[in-house]
Amino acid sequence: MEECNFMQEEKKLEYLDKIKKFSVNVRKNILKMALSAGSSSAHIGGALSITDIVSTLFAYKMNFEKNNPLDENRDRFILSKGHACLAYYAALSGIGYISEEELNTFEKNESNLLGHPVINKKLGIEFSNGSLGMGLSLGIGVALSSLKKKKNFNVFVVVGDGECNEGSVWEAAMAAPNFKLNNLHVIIDRNNFQQTGPNKEIMDLGNLKDKWKSFGWDTTELDGHNLTDLINYFSESDTINKPKAIVANTIKGKGFSFFENNNNWHHAVLTKSLYEKAINELQE
């Protein structure tokens, strides 16, 4: 038994190293795409707050075939807070679905990579998302299809905390336990900001963990940047026989001193000098 536990811990350490490298690369590509966008600007802060979550899902948790984004048994990822697509595109590049050359087309004419995700399953983009509050409802439909078709895939939906102002989120939150969707995970990116300011000043969300629990979800609150906590949670989450809600406490702009908790970087232009400053911080 002790030997088995030791092997499990060794495996987790291997994954921890893999996810760390993956997340560094995601942050690097977020910067590159934001710079490439130029005057079109980019949603940087909210992409960086979900980077460690997305990296854990793509580099560790989710099931997919390396060269087949259309595999019917693949786990599905839905970015409900679609404006954070820089992290999504960078993660899809990390698993080989989007080339680094294509990342440089972000926000350019005729690009597949726009400021919000536009469905392109060949690139691994499962749904178009821009209007907030829609992604969890989409996730419920996909999770239902998995059960009805007797498939064995999971569905992961990333929702913003400001997005939880939307009534459609709570309609979906009520529906998932009703349908007994134990293959559905929602991760709430609690970075405490939305576009125009702090959540507490605009619509105080209160205790999100208790709110989701009251709707019948298995709820967990954790540090959305602690990779060990994320690995530990996702290594056990499939044993939970309910829809799963993770309130992930995050920092908007995480990873770079001048982005962190600075809501001016919700959507802004990244200059060459600031790009170089950020790259230097990433390499320290």
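Residues are numbered from 1 along each chain as its sequence is written, and side-chain values use heavy atoms, with hydrogens and water left out. Because the model is predicted, local features need pLDDT of at least 70 and side-chain atom pairs count only at pLDDT 80 or more, whereas totals for chains, interfaces and linings use all residues.

Colleague: Which residues lie nearest the centre of the largest pocket?

Modeller: A pocket is an open set of points on a 1 Å grid over the protein atoms alone, with protein on both sides within 12 Å along at least five of seven lines, and lining residues have an atom within 4 Å of a point. The volume of the largest pocket is about 270 Å³, a volume being the space filled by probe spheres set on points joined across faces, edges and corners. Its lining comprises 19 residues, and those nearest the centre are His83, Leu132, Gln194, Gln195 and His266.

Colleague: How many residues of each class line the largest pocket?

Modeller: Ala, Val, Leu, Ile, Met, Phe, Trp, Tyr, Cys and Pro count as nonpolar, Asp, Glu, Lys and Arg as charged, and the others, Gly among them, as polar. By these classes the lining of the largest pocket has 2 nonpolar, 12 polar and 5 charged residues.

Colleague: Which residues are closest to the centre of the largest cavity?

Modeller: A cavity is a set of grid points where a 1.4 Å probe fits but cannot get out, and the count comes to 1 cavity of 30 Å³ or more. The largest cavity holds about 110 Å³ of space. It is lined by 15 residues, and closest to its centre are Phe58, Asp75, Tyr97, Gly124 and Glu126.

Colleague: How does the lining of the largest cavity divide by class?

Modeller: The elements giving two or more residues to this lining are β1 (76-79) and α4 (85-94); helices (H or I, at least four residues) and strands (E, at least two) are DSSP runs, numbered from the N terminus. The lining of the largest cavity divides into 9 nonpolar, 2 polar and 4 charged residues.

Colleague: What is the relative accessible area of Lys61, which forms a salt bridge with Asp238?

Modeller: A salt bridge places a side-chain nitrogen of Lys or Arg within 4 Å of a carboxyl oxygen of Asp or Glu, and the closest N and O atoms of Lys61 and Asp238 are 3.0 Å apart. Lys61 is in helix α3 (residues 51-61) and Asp238 in the loop between α10 (227-236) and β7 (244-249), 177 residues apart. Asp238 is partly exposed at 47% relative accessibility, whereas Lys61 is buried, with a relative accessible area of 14%.

Colleague: How many residues apart in sequence are the parts tied together by Arg74 and Glu126?

Modeller: The side chains of Arg74 and Glu126 meet in a salt bridge (2.7 Å, N to O). Both Arg74 and Glu126 are buried. Arg74 lies in the loop between α3 and β1 and Glu126 in the loop between α5 and α6 (135-148), so the parts tied together are separated in sequence by 52 residues.

Terms used: Buried < 20%, exposed > 50% of the residue type's maximum accessible area, 1.4 Å probe, protein only.
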